Amino acid sequence: MAPPKHKSTPIKPKPGNTLTARVDVERTLIKDSVTPYCHSNVDLMDFAVHVWGVERDTATAILGVQWTLDDFQMKIYRKVLSSSKFKESDLHEPFRKIAETLLGDMSKEGYSVKPCELWDGEGKTYLPTSRPATRDKKPDMLNYDEPAPPKPTWGNVRVVYEFKKKPPPSNPEAPKPKRLFKSLPPLPEDRPLTLDDSAAGVSAIKVKGGVNDPGHKKAASQDIKINPLKRPQEGGSHGSRQTTKRQRFVASHQQAGAYALECFAATSRYYVVCIVISSWDITILYFDHTLVLQVAEFNFEVDAGALALLLYGTHFCDRRHAGFDPNLRAGPTPFPETSEDERPVETPIGSYFHFEHLPKDNGEGRKTAINKAYKITDVLASASDLIGRATAVYEVRECSPNNELSSEQYALKLSWPLKSRVSEIDVIQRLRNRLPADLHAHLPSLEFSTDFDAERLQLPWLQLDLKFTGTNHQERVLRVLSEKKYTKLWEAGSVDAFKQAWLDCVECHHQAWEVGKTMHRDLSENNLMLYWDKDGNVKGVLNDWDMAEFTDEERDPTTAAHHRTGTPPFMAVDLICMKDQTCRHSFRHELESLFYILLWAALHYDVVNKIRYNTLDVVEKWQGTVTEIHTAKSLFWGKHTEAEAVFARVRPEFAETLDNWIRPLWGLIGEARALNHLRKFKKTKKPIDEDKFMDEKINFKMFMEAIDEKPRWACVDSDSEDEED
């Protein structure tokens, strides 16, 4: 009985799987990947309470004070906005001084905050990126713990500020007070918010001191009147109800998303908060790898209380509430954490990860926690997704309880896969159980793993009254996995070593599919690796099985509902086609990916000197938009001159590989595509089974024959592509 067929949604490029230095492409990818998971009009007070850890009584009190903004700096700010001769960056200094003065006034009133510094890049200073093939960026303003680093970096940014200067209006009108969030009644039309009972129109109560948190120093003799009006929630929740019109994820928000992505790439953190200031209007954005929150927009010219709460929250929160990973520590301090206000690390290298694994019940009603500590010695891969797996890989050494480091190096992988997907650990265990023992050398060797779900991570949106559906939310887990550290393909040392490692992965992949009934589904240059055994023989390792699926089981519909991830330069062209929504992910698509990896290496790898060069112009479109990728690859397969233009750029040391492997494989796949194209023009009464035809023309046996290699494990005479998923 043939295993069930698996239909695949086409590949949807995202920031994490498209390597591009083009700003327009990056912004488009961010918008496309984020917009479906953006929850707008979140209540400011609820955000401050659950994201920044502000006490609700404190937030209420801050919103209720008639704060006065620095009049002189406000005049400068208005002047900059009123004329097109001023630049956007001219808004920075007056806003920074307005904020500093307001924080000083709040401190006098007893609202103590952490010493932080607003660093102003004036729109001129570029911060180096941690992401490959990505341009450095010049943020407007960044919030750091004081003192700010002499040379600003993305790794310890608390909050990102992005400014936009709207064109001056031809007929300026006085701003109308409004408060879209529900924390307190709408602002009166004639004056800023006051919580006097006559302004509120309802009875008021007094709160002694106005604040409940023990660290607050507000004088007990000062009474603050607050409005008790609160819109009732079902179940008594203080969560946010999205009752107003959905906010748009505009260009400035996309730019803020690009900055958030840099913060994620520079270190380990759960979320990033960005403040977008468009003239007077402020939008607070929250990014994590599951969703995006947009706080209801407010105008700080007429709502100084909202600005005060924003500034208090961003300066009050500890590093955990600023979004930093509490498991990443500056030193080998054991559990529990000794200081809640410890500064975030400036760079992961030299820092320590501390993890606790909670195993299943041992059968006697007891659980024994496993604690692990690792010292980071290098960053091998940085997170490159906003919504998605956001995989980061670190070179680490295990740290013993007495702070001794292991001699062996490990690769520590942190990723955010869909919770509904089969665990990579389970996939590898299944393959080890099913594949011949001598193939185990080509599978990753795991050392430790643990998962963190949203509850264990205490992600703040759990406390908000968000309305989740199958299309606006992806339930993900933070998965931590350590394994033996392997070497990248471009560090093979010789072309022969590279070819042997690539061939090992090809054959291991086929056995995993044929015998293990498992399809990898995410083949790329970073997932084929190598090492040398004790006898000095090179061994290829097929790594990163977190997107794999079992071909002998029905696919989980919750994973099928989302676009799968991958790296477009190495994806089969049929899976990139956005028009064909029924394209079945087949084994032949995996073979096409393996071909692309081989070609990419011949174009970009100096394996002797262990260098991977930047993308050549002849395949630059393979890293562009969906349309560009599909068009470029279709031309590569359909026009001989296009293919020859690519082959002409193959590195000299790969000349023999080009003639003996690359050209024959291009002929195999290209001929099958051409024959299939011709079949579509023939008149026939029978429906055309395109998948079956293509599977018969591109299979493992023919793939190996094309490169004149004899399989070491597979019995190719009985290999039948008709039985694949």
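In the predicted model, the secondary structure of the protein chain consists of 19 helices and 24 strands. Of the 725 residues in the chain, 55% are buried. The accessible surface comes to about 30800 Å², and carbon and sulfur atoms account for 50% of this area. Among the contacts in the chain with a separation of 6 or more, 71% are made by residues 24 or more positions apart.

The nonpolar interior was examined next. In soluble globular proteins, nonpolar side chains tend to be buried together. The largest nonpolar core of the model contains 82 residues, and Tyr 161 and Phe 300 have the most contacts inside it. Helix α8, which spans residues 304-316, supplies the largest share of this core, with eight residues. When neighbours within four places in sequence are left aside, Phe 300 is in contact with Leu 69, Met 74, Tyr 77, Phe 95, Ile 277, Ser 279, Trp 280, Ile 282 and Leu 307. Another core, of 71 residues, lies apart from the one described above; Leu 591, Ala 602, Phe 693 and Ile 698 are among its members.

Three strands form an open sheet in the order β18-β20-β21, with antiparallel pairing. Strand β20 (residues 528-532) is largely enclosed by the rest of the structure, because four of its five residues are buried.

The pairing within this sheet can be followed residue by residue. Strand β18 (residues 487-488) is joined to β20 by two bridges, and Thr 487 has Leu 530 of β20 as its bridge partner. Five bridges join β20 to strand β21, which comprises residues 538-542. Across this antiparallel pair, Leu 528 stands opposite Leu 542, while Tyr 531 stands opposite Lys 539. The hairpin of β20 and β21 has five residues between the strands, and Gly 536 there takes a positive phi near 85 degrees.

Helix α11 (residues 495-514) lies across β20 and β21, and runs at about 40 degrees to β21. This helix also packs with α14, at an angle of about 170 degrees and with the two axes 11 Å apart. Angles over 145 degrees count as roughly antiparallel, and α11 and α14 are therefore roughly antiparallel to each other. On the α11 side, the residues that meet α14 are Phe 498, Trp 502, Val 506, His 509, His 510 and Trp 513. Their counterparts in α14 are Phe 587, Glu 590, Leu 594, Ile 597, Leu 598 and Ala 601.

The buried residues of α18, a helix formed by residues 690-697, are Asp 691, Phe 693, Met 694 and Asp 695. One of these, Phe 693, belongs to the core of 71 residues.

Key:
Residues numbered from 1 in each chain as written. Predicted model: local features only at pLDDT ≥ 70, side-chain atom pairs only at ≥ 80, totals over all residues. Heavy atoms only, no water. Buried < 20%, exposed > 50% of the residue type's maximum accessible area, 1.4 Å probe, protein only. Contact = heavy atoms within 4.5 Å. Areas by Shrake-Rupley, 256 points an atom, 1.4 Å probe, with all protein chains shown as cover. Core = buried A, V, L, I, M, F, W, Y, C linked by side-chain atoms within 4.5 Å. Pairing = 2+ DSSP bridges. Axes fitted to C-alpha atoms, helices over the stretch in contact; angles between N-to-C directions. Parallel < 35°, antiparallel > 145°, perpendicular 65-115°, else oblique.
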